[in-house]
Amino acid sequence: YRDEYLHEMLWVEGRRGMGEKCSGCGDRAGVIYRCVEDECFGMGMMCDFCIVSAHRYLPLHWIEVNIQSNKWNEKYFEPTTLKALGLTVQLGHLPGEICLFEHPAHSDFTVIHSNGIHQVSVNFCGCNVTLDHRTQLLRSMWYPATPKDPQTATTFICLRQFQFLNCTGKLPAFEYYQTLHVMTQSRQRKKPKDRYPAFLRSIFQWRHLKMLKRAGRGHFPDGASSTHHGELSLPCPACPQPGKNLPPDWKLAPRELAFLYILFLAIDANFRLRNKIVSNSFRSPILGDGLAYLVPSEPYKDHLAKHTNEDDMSSCSGFAAMFLANLKNVKGLRVSGVGGVCCGRHRVWRGNGLGDLQKGERYCNMDFMFWSSVKGEDHLCIVISYDISCQWSRNFWARMDALDPSLKIKYTERGIVFMIPKFH
């Protein structure tokens, strides 16, 4: 069936057997347009009036993916857009309603969608003065790139698609946007407007809002401002959690059953996760500082400023992890690696258990990550698996006293056990 399939593909890309008849009104005059999107199911050749009317009263999630068309010039199809044909998307009203106080958006208003980067003619509603432009875009499932006078929007469909591709296929944001750029250029025969910074800003904010949404912060009276450190992280469902999956008398368990309530933690560092000094906190501010997996930045910086001059090196012949890391070139890097604390048995990252490293696995960095990951919790015993436990455990309690003296009182020196992984 190869030739048959090939013929049908050419049929779809051609005049679709409509001849000189409009598939909308049936008239034979002015049948020169077709929609190039797959979502326009069953549409053939149309006149200019019908192709605009067919998209004018569709739901907004259809309009946002059907804004390109082709025009027949008696020789071939040349690219055009529904914006050039007069289609305007009216926000703030239901399809078919007329706005008496419409406010045109910027002439170069751009919509980033999963099928390309499009120039769209948009009218904001002025009937309700309390309905901001950003609110009208959000209610239409278009995410504004800026809260004031938005000129670019990214559809929710596009943001969701990138999120899935990035998480499952490790697709970088630049490669995804470059794909949309090429898709648009191949259709329109010209380069679209560069909206890559706007896309990055939108996905950055989108991910933060999704974390707040999944944590139920939108239903709290104080909203996101009342979120405490680590509340947006997902705790390990199998590890012992008092008040959730432990019996009321778990603290009174006999010695032979105490192992059921021991918390196993694993600590390690990754020196491939580097970050160069190319921006600052003013240009790229932190959203939700310390609310999920990373340690809060300001207390972390204050702690490092007090203890960075301490000598962590040892005479142990097998203790080479920090020594080799310190020899690596860290010039021009804001972050030379990332350290973290996770559940040792189920590999779930701990809330406030991740932090940036500046120069090797210094004790002051790893101490703060460990303390942040167990702060406010109560366990019978904590077993720590760390490849340099033989050295890190020395003077451990003295260093913890500088962070939080209550940690020693809560667990005692027998309440924390240090071990080295079998791999080492």
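Analyst: In this predicted model, the side chains of Lys 193 and Asp 108 form a salt bridge, with an N to O distance of 3.9 Å.

User: Where in the chain do Lys 193 and Asp 108 lie?

Analyst: They come from distant parts of the chain, 85 residues apart: Lys 193 is in the loop between α6 (173–188) and α7 (196–214), while Asp 108 is in the loop between β5 (102–104) and β6 (110–113).

User: And how accessible is Lys 193? What about Asp 108?

Analyst: Lys 193 has a relative accessibility of 37%, so Lys 193 counts as partly exposed. Asp 108, at 28%, also counts as partly exposed.

User: How many salt bridges are there by this rule?

Analyst: The count comes to six. Another of them joins Arg 350 to Glu 377, with their closest N and O atoms 2.7 Å apart. Arg 350 belongs to strand β15 (residues 349–357) and Glu 377 to the loop between α10 and β16, so this pair ties together parts that are 27 residues apart in sequence.

User: Is Arg 350 buried or exposed?

Analyst: Arg 350 counts as buried because its relative accessibility is 13%, and the cut-off for buried is under 20%.

User: Which residue forms a salt bridge with Asp 367?

Analyst: That is Arg 399, and the closest N and O atoms of the two are 2.6 Å apart. Asp 367 lies in helix α10 and Arg 399 in helix α12, so the pair ties together parts that are 32 residues apart in sequence. Asp 367 and Arg 399 are both buried.

User: OK, switching to the nonpolar side. Which residues of the largest core touch the most other members?

Analyst: That core has 33 residues, and the ones touching the most other members are Ile 267, Phe 370, Ile 382, Ile 384, Trp 392, Leu 407 and Ile 416. Among the elements that give two or more residues to this core are β11 (262–270), β14 (337–343), α10 (363–374) and β16 (381–386).

User: Which element gives the most?

Analyst: α10 does, with eight residues.

User: What does Ile 384 touch?

Analyst: Leaving aside residues up to four places away in sequence, Ile 384 touches Leu 265, Ile 267, Phe 370, Ser 389, Trp 392, Ile 416, Val 417, Phe 418 and Met 419.

Methods:
Residues are numbered from 1 along each chain as its sequence is written. This is a predicted model: local features need pLDDT of at least 70, side-chain atom pairs count only at pLDDT 80 or more; totals for chains, interfaces and linings use all residues. Side-chain values use heavy atoms; hydrogens and water are left out. A nonpolar core is a set of buried Ala, Val, Leu, Ile, Met, Phe, Trp, Tyr and Cys residues joined through side-chain atoms within 4.5 Å. Buried means under 20% relative accessible area, exposed over 50%, partly exposed in between (1.4 Å probe, protein chains only). Helices (H or I, at least four residues) and strands (E, at least two) are DSSP runs, numbered from the N terminus. Contact means heavy atoms within 4.5 Å. A salt bridge is a side-chain nitrogen of Lys or Arg within 4 Å of a carboxyl oxygen of Asp or Glu.
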